[in-house]
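Visitor: Could you walk me through reading a structure like this one? I would like to go from strands to ligand.

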Amino acid sequence: MAGPARAGVPLPPGFLWGASPSAPQIEGAVDADGRAASIWDVFASQPGAIADGSTPGTACDHYHRWPADVALMRRAGMRAYRFSVAWPRVQPAGRGAVNGPGLDFYDHLTDALLEAGIRPMPCLYHWDLPQALQDRGGWMNRDIAGWFADYAQVVAARLGDRVGDWFTLNEPSVSAILGHGMTLHAPGLGGGADATLKALHHQNLAQGDALAALRAIGPAFRLGTILSLQPVRPSHPGEEHRAAAERWDALWNRVPLDGVLRGEVPGILAEAMGRWILEGDLERIRFPLDRIGVNYYSRLYVEARPGGLVDAGFGPAPAGPRTDMGWPIEAHGLTETLEDLRDNYGNPDVLITENGIACDDRADGAGRVDDRLRILYLEEHLAAVAQAIQKGCRVGGYLAWSLLDNWEWQEGYRRRFGLVRVDYRTGRRTPKASFDWYRRRIAETPA
Ligand code: FCB
């Protein structure tokens, strides 16, 4: 079976190879051991919210099957695993009382990863806000900064003796825009630009407070954030579309980047965001991060749309190959993204924390999938990383999205991103051709 027989583009010795999932997309077991509902459980239960009518209730049942999943990573030779911690497992009410069994789960996972030679890299928030906090306004409530910092402290106090690498938020712009400005993601507020900017500002603020709390616990922790960075291009020629792309870039890429790295708000949004920003906020938000986690899938195409968020909206991408999500395949956009960080943000240490492709995988009778398109996509993006490194960008590793097929938010179970196929009826895991390719690819790089 498959995969390019020749070796891939070389990556430097010590390059950190691994995979990423998120808690709500793989864990399932949403009622187990004292876990309370998250906003995604509630959102998914609304008719029409999820394309296939599913919920994350079972997902990959990773909560019970995690030893098998760690064994798969070990078999592939992975050396890092960015997972997310489910806030509603650890603090079911979002604040106050800590749920021991919820923390135990991550404690056991951490030990098993370390034993397998895999570096645990937890991310504290991957969109599964406790519903109890949503009932208090969620990211619309400024008090969330304190709630999040307390939660970060609880997790770090338990795992910090073994875990040195921490991430705060996953893709704050995606959750602010799709979940607060629009209704595509939980909590489905549809509050337009105001709600988007408010959610973004409060995420920045909460992150700043959490980073300070983490630093106080672990002076040697390597602290980072994870951003969806996508070069934004106009869908059509003309000044109005160019200007719309510039505004969208400010909203999508710059608010999170400029906040933490510079303590600034992009000029183009300063007035609109100003109403949420109090004195001292920007100092709280700015933090000397040890690394940036970059999630990259494609560029973004935007058109002028009066009445849309910042008078812009998603537009068509140029003709060309697409993934099963409909996203254009544009590996060079990743090099471009890394060069932007090098040139405009002081060339920070970067870890590619997500990259991957949804394919219309076809399994044979034994559940095997010959997913050549996935191998090509991943190889092309690794070449884009290698090119950026040659050009002086500081990229220390690559985590594939994802080890397992999983529950893909509003798309439900109908989009498959895994190196390993999951049969959702039985929970059975079957490595795809891409898994074998990844194992060989990892083995090519000196540890
Ligand atoms: C990213 C999310 C991740 C996954 C991939 C496909 O935006 O962070 O959870 O859904 O997209």
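Predicted model: local features only at pLDDT ≥ 70, side-chain atom pairs only at ≥ 80, totals over all residues.

Visitor: How many bridges join strand β5 to β6?

Guide: Residues are numbered from 1 along each chain as its sequence is written, and side-chain values use heavy atoms, with hydrogens and water left out. Strands are DSSP runs (E, at least two residues), numbered from the N terminus, and two of them pair if DSSP finds at least two bridges between them. Here, four bridges join β5 (residues 165-170) to β6, and the two run parallel. Asn170 has Ile226 of β6 as its bridge partner.

Visitor: Which bridge partner does Leu227 have in β8?

Guide: That partner is Val294. β6 and β8 (residues 291-295) pair in the parallel sense over five bridges.

Visitor: Why is β6 largely enclosed by the rest of the structure?

Guide: Buried means under 20% relative accessible area (1.4 Å probe, protein chains only). Six of the seven residues of β6 (residues 222-228) are buried, so the strand is largely enclosed.

Visitor: What lies 2.6 Å from an oxygen atom of the ligand?

Guide: A polar contact is a pair of N or O atoms within 3.5 Å. In this model, a polar side-chain atom of Glu171 lies at that 2.6 Å distance. Taken alone the ligand exposes 300 Å², and the protein buries 94% of that.

Note on methods: Buried < 20%, exposed > 50% of the residue type's maximum accessible area, 1.4 Å probe, protein only. Polar contact = N/O pair within 3.5 Å; in protein donor to acceptor, adjacent residues only side chain to side chain. Areas by Shrake-Rupley, 256 points an atom, 1.4 Å probe, with all protein chains shown as cover.
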